[in-house]
Amino acid sequence: KGAFYLFPKTPIDDVEFCKLLLEERILAVPGRGFGRPGHIRLAFCVDEAVIAKAAAGFKRVMERAQHVRRS
């Protein structure tokens, strides 16, 4: 019955990071639209099981982002 939001820093461009997340079926909004470039906005307004299920996708995206940053 509500939501809370996080604005974590991204290891790569926030738009590119959101694209990688979307490939994992995780929706995030680039922080630049909220005056926070280099961050993403995550809304936690779903069941905890959905959030827990997304953890593996976040891990894969972080691994891919680390590779992109080194390239």
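Reader: Which residue's side chain does the side chain of His 39 join in a polar contact of 3.1 Å?

Author: Happy to start there! This is a predicted model, in which local features need pLDDT of at least 70, side-chain atom pairs count only at pLDDT 80 or more, and totals for chains, interfaces and linings use all residues. Side-chain values use heavy atoms, leaving out hydrogens and water, and residues are numbered from 1 along each chain as its sequence is written. A polar contact is a pair of N or O atoms within 3.5 Å; within protein, one must be able to donate a hydrogen and the other to accept it, and residues adjacent in sequence count only if both atoms are side-chain atoms. At 3.1 Å, the partner of His 39 is Arg 36.

Reader: Which backbone oxygen does the side chain of His 39 reach?

Author: His 39 sits in the loop between strand S2 (29-30) and strand S3 (40-44), strands being DSSP runs (E, at least two residues) numbered from the N terminus. At 3.2 Å, its side chain reaches the backbone oxygen of Pro 37.

Reader: Is His 39 buried or exposed?

Author: Buried means under 20% relative accessible area and exposed over 50%, with partly exposed in between (1.4 Å probe, protein chains only). His 39 has 13% relative accessibility, so it counts as buried.

Reader: How far apart are the C-alpha atoms of His 39 and Asp 14?

Author: Along the chain, these two are 25 residues apart. Asp 14 is also among the residues in contact (heavy atoms within 4.5 Å) with His 39. The C-alpha separation of His 39 and Asp 14 is 5.6 Å.

Key. Helices (H or I, at least four residues) and strands (E, at least two) are DSSP runs, numbered from the N terminus. Lists of a residue's contacts leave out its neighbours within four places in sequence.
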